[in-house]
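Good morning, and thank you for coming.

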Amino acid sequence: MPVFAANLTMMFNEWPFLDRFDAAADAGFAAVEYLFPYEAPPEAIAERLARNNLQQALFNLPPGDWAGGERGIATLPGRFEALKSDVERALDYAAATGVRRLHLMAGLADPHDEDAASSYRRSVAHAAGRLAEMGIDLLLEPINGRNMPGYFLNDFGIAEKLIADLGLPNLKLQFDIYHRQVIHGDVTMALRRLMPITGHIQIASVPSRNEPDGEELNYPYLFEEIDRLGYDGFIGCEYIPRGHTLDGLGWFRPFARS
């Protein structure tokens, strides 16, 4: 049966960030994820995880100047030293939370820009190598251009090829089903083909990015298929609730921790 991780960046926004851990556990989640933990002390997050018997499924490495519009710096020439520092900062939080998967955002750049591609490859190789020393997987997530215009990694084929070319055992695909459907469609066949390199899955309805209980995709079927394929990782609920988070959890009740 799938193990779902509440995304605390998007869900449970009715509570302050640290209180979202308690709210997610009370709602029956066994795991959590979020975009970034860096505004809270790692010790405070670790305490909330332990208090609620929650597993930390995933978070992102620092993205650069998020408020200023950056969406990662891995593709940006001249930012490699900053990226190395960001990896070390993320590892401090990884040590506190016990997370075993970190996502590296690529940044805003033309996928055909050779300098950006070279910088990205170098950044990915460094981050994956450093994380491997700590037993942590590095994840790469293709993101659709509708939600994030100008994002470098906007194609699953690019991610698949880079993972194959680098051949690093801890370099995995972050398979966001919402992004896959928007970019390419053909979700089920892609899951079957890419499952061997998939380290994390995320979900949301398409096209609205709300609860996974309707619209284009048949999530009950996809959950069964994911189980059939032998996936034993977390499924991140990276969706925007239509209203109050708790009111939209009807789809989740059969999977909730008692």
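Let us begin with Tyr-151. Leaving aside residues up to four places away in sequence, Tyr-151 touches Arg-71, His-103, Met-105, Ala-106, Gly-107, Leu-108, Ala-109, Glu-141 and Ile-143. Please bear in mind that what you see is a predicted model.

Where does Tyr-151 sit in the chain? The residue lies in the loop that runs between strand E5, residues 137-140, and helix H5, residues 156-166. Is Tyr-151 buried or exposed? With a relative accessible area of 2%, under the 20% cut-off, Tyr-151 counts as buried. For a sense of distance, take Ala-90: 61 residues separate Ala-90 from Tyr-151 in sequence, and their C-alpha atoms are 22 Å apart in space.

I turn now to strand E8, which comprises residues 234-237. In a regular strand, side chains alternate between the two faces of the sheet. In E8, Phe-234 and Gly-236 point one way, while Ile-235 and Cys-237 point the other way. All four of these residues are buried.

Which strands pair with E8? One of them is E1, residues 3-7, which runs parallel to E8 and is joined to it by 4 bridges. Within that pairing, Ala-5 has Gly-236 as its bridge partner in E8. Another is E7, residues 198-203, also parallel to E8, with 3 bridges between the two. Here Ile-201 is partnered with Ile-235 of E8.

Let me now step back to the whole protein. Its secondary structure consists of 8 helices and 8 strands. The radius of gyration is 17 Å, close to the 18 Å that the globule rule gives for 258 residues, so the protein is as compact as a globular protein of that length. Along the principal axes, the C-alpha atoms fill a box of roughly 50 × 40 × 35 Å.

How much of the protein is buried? Of the 258 residues, 54% are buried. As for contacts with a separation of 6 or more, 76% are accounted for by residues 24 or more positions apart.

To return to where we started, Tyr-151 is a buried residue, placed in the loop between E5 and H5. Thank you; I welcome your questions.

Key
Residues numbered from 1 in each chain as written. Predicted model: local features only at pLDDT ≥ 70, side-chain atom pairs only at ≥ 80, totals over all residues. Heavy atoms only, no water. Rg over C-alpha atoms; globule rule 2.2 N^0.38 Å. Buried < 20%, exposed > 50% of the residue type's maximum accessible area, 1.4 Å probe, protein only. Contact = heavy atoms within 4.5 Å. Pairing = 2+ DSSP bridges.
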